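Could you walk me through this one in the viewer, stop by stop? I'd like to know what to select next and what is there.

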Amino acid sequence: QVQLQESGPGLVRPSQTLSLTCTVSGGSITTRNYWWYWVRQHPGKGLEWIGEMGWDGIRKYHPALKSRATISRDTAKNQFTLQLNALTPEDTGRYYCVRVGFYYYADYWGQGTQVTVSS
């Protein structure tokens with residue numbers, strides 16, 4: 001059974017950088033044909049894709065967040081991370097890491113971590 005667990009600060013000041021880590025167990029982040037997503041959900045709204053890193057290390061980002069987001073990974077620790085800089089209160093939400101396979105099937109999710117951007 002694959003498990004994903006997000007970790008990071010719950011409260012961040014505006015203009016600062018958010019750093020979240022997703023620790024994966026029960027499966028490798030380099031297993032072929034899986035992509036590792038970061039998504040978020042603003043209060044009262046739907047899910048928003050932030051970006052992804054594939055098993056091959058190729059990264060993609062939401063166009064609106066591309067200038068502020070960076071996804072990286074540590075294969076030795078089986079972790080991937082999200083850094084989001086220049087935070088504003090609009091970045092407040094619940095952040096999830098997700099494993100996605102073919103046909104965009106999201107088969108495993110982390111429980112999510114709440115991030116609040118506030119002074």
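## First stop: a charged pair

Select arginine 99 and aspartate 107, whose side chains meet in a salt bridge at 2.6 Å, N to O. Keep in mind throughout that this is a predicted model. Now colour by accessibility: arginine 99 is buried, with a relative accessible area of 9%, while aspartate 107 counts as partly exposed at 25% relative accessibility. As for the cut-off, under 20% is buried and over 50% is exposed, so the 25% of aspartate 107 puts it in between.

Arginine 99 lies over the face of tyrosine 34, at 3.7 Å from the ring centre.

## The other salt bridges

How many salt bridges does a search of the whole structure find? The search turns up four. In general terms, side chains of opposite charge can pair when their charged atoms come close.

Go to glutamate 48 and arginine 40 next. Their side chains form a salt bridge, again given N to O, at 2.6 Å. Arginine 40 is buried, with a relative accessible area of 4%.

Then pick aspartate 91 and arginine 68, another salt bridge, with the closest N and O atoms 2.9 Å apart. This pair links distant parts of the chain, 23 residues apart. Aspartate 91 sits in the loop between strand S8 (79-84) and strand S9 (93-100), and arginine 68 in the loop between strand S6 (59-61) and strand S7 (69-74). Are aspartate 91 and arginine 68 buried or exposed? Both are buried.

## Rings

Show the aromatic side chains. A search of the whole structure finds seven aromatic pairs. One of them is tyrosine 37 with tryptophan 49, a tilted pair at 6.4 Å centre to centre, with 55° between the planes. It links distant parts of the chain: tyrosine 37 belongs to strand S4 (residues 35-41) and tryptophan 49 to strand S5 (residues 47-54), twelve residues apart. Tyrosine 37 is buried, with a relative accessible area of 11%, whereas tryptophan 49 is partly exposed, with 27%.

Move on to phenylalanine 102 and tyrosine 103. They also make an aromatic pair that is tilted, at 6.3 Å centre to centre and 50° between the planes. Tyrosine 103 is exposed, with a relative accessible area of 80%.

## An open sheet

Switch to cartoon view. What is the strand order in the open sheet of four strands? Going across, the order is S1-S3-S8-S7, with antiparallel pairing. At the edges are strand S1 (3-7) and S7, each of which pairs on one side only. Neighbouring strands of this sheet are turned by 20° against each other on average, direction ignored.

Zoom in on strand S3 (residues 18-25) and S8, which pair in the antiparallel sense over six bridges. As a handle for the viewer, select leucine 18: its bridge partner in S8 is leucine 84.

## Around threonine 113

Select threonine 113, which lies in strand S11 (residues 113-117). With a relative accessible area of 12%, threonine 113 is buried. Which residues is threonine 113 in contact with, leaving aside its neighbours within four places in sequence? They are Glu6, Leu20, Gly93, Arg94 and Tyr95.

Most residues other than glycine have a negative phi. Asparagine 78 has a positive phi of about 60° although it is not a glycine. Look for asparagine 78 in the loop between S7 and S8, where it is buried, with a relative accessible area of 13%.

Tyrosine 104 also has a positive phi, near 60°, and is a residue other than glycine. Find tyrosine 104 in the loop between S9 and strand S10 (106-109). Is tyrosine 104 buried or exposed? At 69% relative accessibility, tyrosine 104 counts as exposed.

Terms used
Residues numbered from 1 in each chain as written. Predicted model: local features only at pLDDT ≥ 70, side-chain atom pairs only at ≥ 80, totals over all residues. Heavy atoms only, no water. Phe/Tyr/Trp six-rings, centres within 6.5 Å; stacked < 30°, edge-to-face > 60°. Helix = DSSP H or I, 4+ residues; strand = E, 2+ residues; numbered from the N terminus. Buried < 20%, exposed > 50% of the residue type's maximum accessible area, 1.4 Å probe, protein only. Lys NZ or Arg CZ within 6 Å of the ring centre and 35° of its normal. Pairing = 2+ DSSP bridges. Axes fitted to C-alpha atoms, helices over the stretch in contact; angles between N-to-C directions. Contact = heavy atoms within 4.5 Å.
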